[in-house]
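Dear colleague,

Please find below the structure that I am handing over to you, followed by an account of what was found in it.

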Amino acid sequence: MDHIGSLPEEVLCHILSFLTTKEAALTSILSKKWRNLWTLVPKLDIDDSVFLYPEEGKRERDGMLQSFMDFVDRVLALQGNTPIEKFSLKCKTGIDTDRVNLWICNVLQRGVTTLDLVLDFPRSDDDDDLDSDYMYFLPGELFVSNKLVEMNLRSEFGVDWWRGGTETFLPMLKTLRFESEWVLLCDELDVFLSAFPALEEFYMADIEWPEWDESVSSASLRKLTIYAGGFQDFRNPNSISFDTPNLVYLEYSDFVAADYPKVNLPNLAEAVLDFKLTRNQVELIRAPNDEDDVFLRLRNVWKLISGLRNVQRLFFCAETLEVLSLCCESMPVFNNLKFLSIISDVDLGWQAMPVLLRNCPRLETLVLKGLLHHVTDKCGDVCDCISLEDKGRSLLSCPVKKLEIRGFQGTVREKEMIRHFLESFPCLDVMEVYADQNANDPTNLEENRFYKIIAYKVHEEDVSTDTVLKSELLFKGKLVKSESMPQTKMEEISSQFEPRNNRHMYDMVYMLHGAPPPPAPPQEMSQDYLKEQLDAAKIEIAKLKEDRKESQRILDALFDKIVEQNPMIASAIKARQCATDSGEAEASKDQENKRDFEALFEIIVDLYPDFASVLRARRGGGLERGETSRDQEEMTELDQTTIQS
């Protein structure tokens, strides 16, 4: 019984929607029911690289690109005016851009709600020539659709919204994503965003700001991601404002702007801040000069930081932490912050860490991606880099319960910092240390095998005279053995971490990478042991035989189904068997019931040339014919499929 084919058409169309349009079209050869089913799929996924295959020089061969464009034309023609939900199109140089725009207009007229366009059409060599015939412009119909809900535009050569987009109004659009080396907008950013009254998610990557003030202003926006590169030659952008009262997620990567005059983010729950600094700016931050204009502009970053005061989750990169050292006197109190993640860099400092941790009164989880950083006297009492009498004072006021350290390299300095944290965080219950497998000292075999170190705080009611030490061996993420490290080795390593004071005690668990240890055979091969191994082998052989029988049963059922549903094939099979068995009157029962798959294949090839064409294309690598012939057959395969439909 054909379990898949018996499903409702709506379900089958949903299954086909997970395939590319080319793959879905190939299912039309399965049976009459499937012949036109793929044309009803409400999602089109067309990728010229999938159609042409990633073979070097293939797209330059005569007729290849033309066949691809003809295929897309036929697909759209076969679908007629049926509604469409999603249209994905990926094209590179060589495709007729006029036909591309016709395809986009076709799906817009049919009410498409999601557009995913990857159009790598290069501009002319003269980037200033806006009238160049070689510049691609999006169709005007795209900018005034009242059905579009999501749009993704990607291009290796840039997204140009300027031509044709001056009258943009997309009232239903909720998600807009630009991924390109540059984005040319028709207006200033706040004016541009006003054309999308329902926009909830806005993503811009690899953009360069123009030489004027910008403002991200939207009452509907909830998720904002900006990856910017300032100006060319690493000049910092002018003033940037954020007026997004309903924003809940902000991911912002850029050079520090000269000013942040307005930051309205009252509902922000999560923020990722990734500032970029030049080397000169780093030196200026460490040696402040109130008469330097660049330094004064950098100090304005406090306005943006102040706007983040309501967040619950906060992520800082190493450069951002360096910039925050300019905000120590104006650092806001993060009353809602429960999760803080910081990336460290050996060349960048922790000067802002003391005041930052003191201003997080409800912090529960602290993640440090790397411990090594540039040491200055302003690291203060947070780290163990310098000798201070009141070392750890900022940590004593921090309520963090879980500390996660990533990129541990096993250096003495890191171990001392870990000890310092265990001694100083008063509420710390769990510390997890993840080793950097690429950076550990290869001569230190035990530490090089570390996957994870966990310290569990021992509370007063659980205190015993001895600290519990435990090790576990992991293989492919699964525990395969406990107590895989000698006790003396665990004690030696633990002594490098454990607090020197008696205020806090921690049990340690060491998780190691490694292959599962093979079961050790007994020293003497007893008869019982050999019998046990033999019985296990017999069970395994019996299981393999059953698996083989089940596979054969499935194949036989498939053979019978094909013959049963196709009378012409059944007649041909019967005639062939009669001819074969005419001289073998005493054939055994097994021979009479044998299902000859080779004969079945030959009959199908004779009766269904189209099916044979598909199979030969699939077997193309093993057929003795030239590349050009194989390419033409691939095109013929899809041509026949769409024409017959």
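Over the face of which residue does Lys223 lie? The residue is Tyr249, and Lys223 lies at 5.3 Å from the ring centre. A further placement of this kind involves Arg406, whose charged end sits over the ring of Tyr434, 4.0 Å from its centre. Please bear in mind throughout that this is a predicted model.

Overall composition

The protein has 645 residues, of which 44% count as buried. Its secondary structure consists of 22 helices and 23 strands. Of the contacts between residues at least 6 apart in sequence, 68% join residues at least 24 apart. The accessible surface amounts to about 33900 Å², and carbon and sulfur atoms account for 50% of that area.

Aromatic pairs

The search of the whole structure returned ten aromatic pairs. One of these is formed by Phe68 and Trp103, an edge-to-face arrangement with 6.2 Å centre to centre and 85° between the planes. Phe68 belongs to helix α5 (residues 64–79) and Trp103 to helix α6 (residues 97–109), so the pair ties together parts that are 35 residues apart in sequence. Both partners are buried: Phe68 has a relative accessible area of 1%, and Trp103 has one of 2%.

The rings of Phe242 and Tyr252 also form a pair, with centres 5.3 Å apart; because their planes stand at 75°, this pair is edge-to-face. Here the link runs between strand β11 (residues 240–243), which holds Phe242, and strand β12 (residues 249–255), which holds Tyr252, and the two residues are ten apart. Phe242 and Tyr252 are both buried.

Beyond these pairs, Phe178, Phe192, Phe196 and Phe202 make up one aromatic cluster.

In soluble globular proteins, nonpolar side chains tend to be buried together. In this model the largest nonpolar core contains 125 residues, and the members that touch the most others are Trp103, Leu115, Phe202 and Leu308. Helix α5 supplies the largest share of this core, with seven residues. A second, separate core has six residues, among them Phe559, Ile569, Ile603 and Ile604.

For Leu308, the contacts other than neighbours within four places in sequence are Leu250, Leu265, Leu268, Ala271, Leu273, Leu314 and Phe334.

Setting aside residues up to four places away in sequence, Ser253 touches Ile226, Tyr227, Ala228, Asp274 and Lys276.

Cysteines

How many disulfides does a search of the whole structure find? The search finds zero. In the case of Cys398, the closest cysteine sulfur is that of Cys360, at 6.8 Å, which is too far for a bond. Cys398 is buried, with a relative accessible area of 1%. Cys327 is buried as well, and its relative accessible area is 0%.

With kind regards

Definitions and conventions. Residues are numbered from 1 along each chain as its sequence is written. This is a predicted model: local features need pLDDT of at least 70, side-chain atom pairs count only at pLDDT 80 or more; totals for chains, interfaces and linings use all residues. Side-chain values use heavy atoms; hydrogens and water are left out. Helices (H or I, at least four residues) and strands (E, at least two) are DSSP runs, numbered from the N terminus. Buried means under 20% relative accessible area, exposed over 50%, partly exposed in between (1.4 Å probe, protein chains only). Contact means heavy atoms within 4.5 Å. Accessible areas come from the Shrake-Rupley method with a 1.4 Å probe; for residues, only the protein chains shown count as cover. A disulfide is a pair of cysteine sulfur atoms within 2.5 Å. Rings of Phe, Tyr and Trp (its six-membered ring) pair if their centres lie within 6.5 Å; planes under 30 degrees apart count as stacked, over 60 as edge-to-face and the rest as tilted. A charge sits over a ring if NZ of Lys or CZ of Arg is within 6 Å of the ring centre and within 35 degrees of the ring normal. A nonpolar core is a set of buried Ala, Val, Leu, Ile, Met, Phe, Trp, Tyr and Cys residues joined through side-chain atoms within 4.5 Å.
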